[in-house]
Amino acid sequence: MSTTTTPAPRPAPTSALTVSRTAATAARVLRQLGHDPRTIAMMILIPCVMLFLLRYVFDGDPRTFDNIGASLLGIFPLITMFLVTSIATLRERTSGTLERLLALPLGKGDLIAGYALAFGTLAIIQSALATALALWALGLDVTGSPWLLLLVALLDALLGTALGLFVSAFAASEFQAVQFMPAVIFPQLLLCGLFTPRDTMHPVLEAISDVLPMSYAVDGMNEVLHHTDLTTDFVRDALVVAGCALLVLTLGAATLRRRTT
């Protein structure tokens with residue numbers, strides 16, 4: 001008489017966030033990025049190159065560079081991290097890697113947190129290099145602490161990472177991921193107060209700008225530019241940017257699909 005052995009059920013993914021699984025996911029993403037030096041170069045060097053060009057665009061008027069350079073020190077990393085993160089994450093989805101990972105006992109939160117940790121590590125390097133270049137090589141003149149400037153630049157880069165992870169769930173190709181940039185980034189760029197003070201805009205546009213995270217990124221940079229001490233407005237701006245990044249990461253985990261089809 002023969003007996004039939006029932007295969008053990010596959011472990012169900014857990015919803016709890018675990019440090020070991022998150023760290024393992026981040027390490028895998030970093031190893032994979034290590035085989036793509038062009039992507040790493042784009043993430044780390046492009047904000048520095050853009051700041052360098054900007055400085056000499058205003059070579060005859062250094063005060064203009066001081067006025068907008070601090071704001072762009074936060075905006076450039078946000079845009080770069082948004083593009084690279086959305087495309088890299090979508091590449092994993094379309095190649096089937098993401099679906100195979102989600103078939104393991106790996107929670108969505110672990111996966112999103114691991115990706116955020118990996119790209120966030122590169123964002124730290126990117127922000128540190130861009131801030132050092134702007135302050136000590138290009139002569140950006142700020143009244144406040146350079147560490148506060150670095151903090152806002154880092155929060156902006158992390159926000160770009162979170163936005164990139166989120167929009168990648170709604171794109172079917174890398175081209176579609178890039179198409180999200182005019183919808184997600186450009187309106188914030190126009191309304192963040194970089195080109196004109198937000199309180200001089202049409203009241204409707206000013207109200208919209210009040211709920212866009214890039215507005216608080218620019219406001220935070222301007223606080224460092226004009227104030228020697230830590231202000232309550234700076235704390236508010238930093239908390240808003242950080243809170244938006246966490247909110248978008250949470251939404252990214254909630255909308256992450258287990259199937260790529």
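I began with the buried residues of H2, which pack against helix H1 (19-34), helix H3 (62-94) and helix H5 (108-137), where contact is taken as heavy atoms within 4.5 Å and helices are DSSP runs of H or I, at least four residues, numbered from the N terminus. The buried set, meaning residues under 20% relative accessible area with a 1.4 Å probe and protein chains only, consists of Thr39, Met43, Ile44, Pro47, Cys48, Leu51, Leu54 and Arg55.

I noted that this is a predicted model, in which local features need pLDDT of at least 70 and side-chain atom pairs count only at pLDDT 80 or more, while totals for chains, interfaces and linings use all residues. Residues are numbered from 1 along each chain as its sequence is written, and side-chain values use heavy atoms, with hydrogens and water left out.

Next I checked the length of H2 (residues 37-57): at 1.5 Å a residue its 21 residues should span 30 Å, and the end C-alpha atoms are 29 Å apart, which agrees; the expected span is 1.5 Å times one less than the number of residues. I also found a kink of about 45° at Leu45, shortly before the proline Pro47, the bend being the angle between axes fitted to the seven residues ending there and the seven starting there.

I then turned to H5 and helix H6 (residues 146-167), which pack at an angle of about 140° with their axes 8 Å apart; the axes are lines fitted to C-alpha atoms over the stretch in contact, and angles run from 0 to 180 degrees between N-to-C directions.

Gly120 is buried, with a relative accessible area of 8%, and its C-alpha atom is separated by 9.1 Å from that of Met81, 39 residues apart along the chain.

My last entry concerns Ser209, which is placed in helix H9 (residues 203-209) and counts as buried at 0% relative accessibility. Leaving aside neighbours within four places in sequence, I found Ser209 in contact with Leu191, Arg198 and Ser215.

Key. Helix = DSSP H or I, 4+ residues; strand = E, 2+ residues; numbered from the N terminus. Buried < 20%, exposed > 50% of the residue type's maximum accessible area, 1.4 Å probe, protein only.
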